[in-house]
Amino acid sequence: MDNASIPGAGANQSVLRLEGIRKAYGVGTPIETEVLHGIDLRLERGEFCALMGPSGSGKSTLLNVVGLLDRPTGGKLFINDSETSHLDDKALTRLRGYSIGFVFQYHYLLPAFTAAENVMMPMLADRGRPNDDMRRRAELLLERVQLTPWRDSLVVNMSGGQQQRVAVARALAMNPALLLADEPTGNLDTKSALNVFELMRQMNREQSTTVLFVTHNHDLAARCDRIVQIVDGRITSDQPTPH
Amino acid sequence: MQTLFIVVGVSIGVGVIIFMSATLAGQQTNIIKRVLSSQPHITLLPPQEVARPLRAPPIAEAAIVQKPFQRVRSIDQWQKIAAEVGRMRSVTAVSPMASGPVLAVRGDATRAVTLLGMDPVAYYRIIALPEKLIKGRANLTADDIVIGMELASDLGVTVGDKLRVTVASGQAATLNIIGIVDLGNKGVNQRNTYAALHTAQALLGLTGGVSSIDLTVDDIYAAENVAQAISAATGVEADSWIRTNAQFYTAINAQIIANTVLRICVALAIAFGIAAVLIVSVVQKSKEIGILRAMGTSQGQVMRVFLLQGAVLGLAGSLFGSVLGAAAIHAWQTLVKNPDGTPLFPLVMDPHLFAYSAILAMLTGLAAAVAPAVRAARLDPVVAIRG
Ligand SMILES: Nc1ncnc2c1ncn2[C@@H]1O[C@H](COP(=O)(O)OP(=O)(O)OP(=O)(O)O)[C@@H](O)[C@H]1O
Ligand SMILES: [Mg+2]
């Protein structure tokens with residue numbers, strides 16, 4: 001619906017489009033180093049894409065740029081077909097709040113709050129004041145991640161897998177078009193990792209949420225629609241997985 | 001944990017301020033009350049021609065020089081002045097007085113004393129003499145006199161005895177002692193004697209005249225201003241209690257300034273404490289702040305959270321501090337006492353003081369939170385999350 005005014009929106013609408021994205025750290029200092037050397041990438045609505053690559057290849061850097069947490073030093077970034085370089089901080093924050101959900105390797109939940117309150121956090125950032133709709137949505141999301149019995153527990157009392165599922169529920173609170181997951185299963189045992197992955201996969205199927213999923217786990221990557229390989233800041237392969 | 005420490009710190013600071021202020025206010029009211037219980041707020045006297053030679057023509061000056069020194073001077077047109085002053089809005093009571101030096105004689109004993117002649121009804125509204133009675137009564141009629149307790153014991157007289165009063169000019173009268181008062185000061189107890197206005201006027205040769213007019217005003221701290229206004233309007237000399245107790249008044253002012261400086265210092269200490277705690281909390285919570293920013297929380301929202309925290313810390317501290325201060329005041333009043341069991345002096349527990357401290361602590365907390373809040377809002381989410 002964000003693209004109603006764009007001709008041809010719908011079938012071939014891309015949630016994310018990168019054109020020659022570059023990112024250098026330490027710009028203007030003697031230690032300036034470019035980490036991303038012109039990344040072209042396009043993700044369609046409903047795609048579940050794995051991002052793989054050796055340590056230090058620039059995966060997290062790319063996710064931060066895509067997530068509007070960091071500005072690229074070159075190239076163009078489109079979210080829902082609209083260009084982002086001209087947006088100011090406030091507009092970026094809004095776009096991020098409405099369109100993008102994050103899950104990181106560590107859950108970064110707020111320890112003093114319950115699971116339900118953590119899930120409501122992005123809605124609170126948007127609305128300011130809690131209301132019944134928010135509470136209902138949080139409960140619904142926690143039901144989807146199978147944490148209904150835990151919804152009023154403090155997150156510090158939960159296991160790593162449970163915490164990461166709360167983080168997934170929180171990332172989906174605003175029903176974002178794009179979910180960015182940076183090694184969300186990296187800290188989890190195999191069973192919990194699979195559990196969290198299946199959760200994202202299920203949301204992706206039901207809500208057509210586009211997912212960009214960084215992982216070192218080949219088994220999980222094989223369950224995605226597509227695997228993008230990145231080495232030294234360049235995409236070296238981009239292939240659909242055989243199903 | 002740090003929150004607990006800082007709240008305790010703020011509480012102690014606020015408690016100290018409240019206790020200090022109450023002590024100071026209590027001391028002041030107590031002393032002022034003591035001063036003003038035996039002294040009118042303003043006394044009007046005949047103009048001092050000698051001090052202001054330009055005001056009176058030379059002939060009048062000559063006349064004054066020739067006046068017998070023991071003659072008590074009267075205020076010109078005192079009825080008109082008294083009526084005029086009585087109409088002023090800030091003046092609450094007016095009492096004309098005829099006073100002068102007399103000798104009190106009882107058998108062989110003679111004492112030089114001051115005879116204060118006044119209208120009891122008007123005068124007792126200014127100085128509550130009946131409250132100072134230790135014996136007898138104070139409703140003076142023409143032949144009565146009330147004397148101080150030291151004079152009574154010096155002369156060996158008591159209520160019901162007669163006292164002979166003579167003046168240098170030869171006038172004399174024998175008066176009935178109807179009451180003995182304690183005026184709170186040995187010298188005054190030896191010196192002051194009270195009689196009806198007409199009795200004193202006759203003895204002092206002031207028939208129809210008065211030597212001074214005593215006043216009370218509604219705002220004791222404005223007494224000096226009122227006195228100056230009266231002086232300017234009527235030409236009489238008007239002395240306020242503030243002027244006659246200038247030294248004491250300066251001391252009070254010095255105390256008020258010292259207390260203000262103390263308050264500012266405590267407020268600064270509180271502010272730095274709160275700021276330190278919040279800075280630490282910004283550093284500790286930078287990851288959470290980062291993630292909140294990633295989830296669409298604006299810089300303004302992050303800033304508000306920390307400003308609110310500062311205000312809440314200040315407010316919480318001031319609430320506990322108020323309890324602490326009130327407890328200290330209560331303890332003071334029950335533990336520190338005069339030998340007779342009454343409180344040394346009553347502390348003033350002004351509800352305004354508590355409200356004022358709470359608001360001040362809240363604003364202090366808010367101000368202290370500005371730097372940490374700005375810092376939190378400026379946090380780069382990428383740096384914070386990677387940390
Ligand atoms: N803030 C920064 N300043 C300078 N260099 C940085 C900064 N952040 C990352 N880098 C460098 O950029 C390169 C890419 O880092 P990045 O974190 O994107 O790699 P990654 O692919 O996510 O690795 P990993 O699999 O270990 O998470 C690394 O060489 C890293 O040292
Ligand atoms: Mg990484």
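Q: What does the side chain of B:Gln39 make a polar contact with?
A: The side chain of B:Thr244, at 2.8 Å. Keep in mind that this is a predicted model.

Q: Where is B:Gln39 found in chain B?
A: In a loop. The loop runs between helix H1 (2-37) and strand E1 (42-45).

Q: Is B:Gln39 buried or exposed?
A: Buried. Its relative accessible area is 19%, and the cut-off for buried is under 20%.

Q: What else does B:Gln39 touch?
A: Leaving out residues up to four places away in sequence, B:Gln39 touches B:Ile127, B:Trp241, B:Thr244 and B:Asn245.

Q: Switching to rings. How many aromatic pairs are there over all chains?
A: A search of the whole structure gives 11. One of them is A:Phe104 with A:Tyr108. Their ring centres are 5.7 Å apart and their planes stand at 70°, so the pair is edge-to-face.

Q: Why does 70° make that pair edge-to-face?
A: Because planes over 60 degrees apart count as edge-to-face. The planes of A:Phe104 and A:Tyr108 are at 70°.

Q: And are A:Phe104 and A:Tyr108 buried or exposed?
A: A:Phe104 counts as buried, at 10% relative accessibility. A:Tyr108 is buried too, with a relative accessible area of 9%.

Q: What about the rings of B:Trp241 and B:Tyr249?
A: Their centres are 5.7 Å apart and their planes are at 80°, so that pair is edge-to-face. B:Trp241 and B:Tyr249 are both buried.

Q: Which ring does A:Arg17 lie over?
A: The ring of A:Phe78. A:Arg17 lies over its face, at 4.0 Å from the ring centre.

Q: Now zoom out. What is the secondary structure of chain A?
A: Seven helices and 10 strands.

Q: How much of chain A do buried residues make up?
A: 52% of its 243 residues.

Q: What about contacts in chain A with a separation of 6 or more?
A: Residues 24 or more positions apart account for 69% of those contacts.

Q: Last one. What does the accessible surface of chain A come to?
A: About 11300 Å². Carbon and sulfur atoms hold 49% of that surface.

Key: Residues numbered from 1 in each chain as written. Chains lettered and ligands numbered in written order. Heavy atoms only, no water. Phe/Tyr/Trp six-rings, centres within 6.5 Å; stacked < 30°, edge-to-face > 60°. Buried < 20%, exposed > 50% of the residue type's maximum accessible area, 1.4 Å probe, protein only. Lys NZ or Arg CZ within 6 Å of the ring centre and 35° of its normal. Helix = DSSP H or I, 4+ residues; strand = E, 2+ residues; numbered from the N terminus. Polar contact = N/O pair within 3.5 Å; in protein donor to acceptor, adjacent residues only side chain to side chain. Contact = heavy atoms within 4.5 Å. Areas by Shrake-Rupley, 256 points an atom, 1.4 Å probe, with all protein chains shown as cover.
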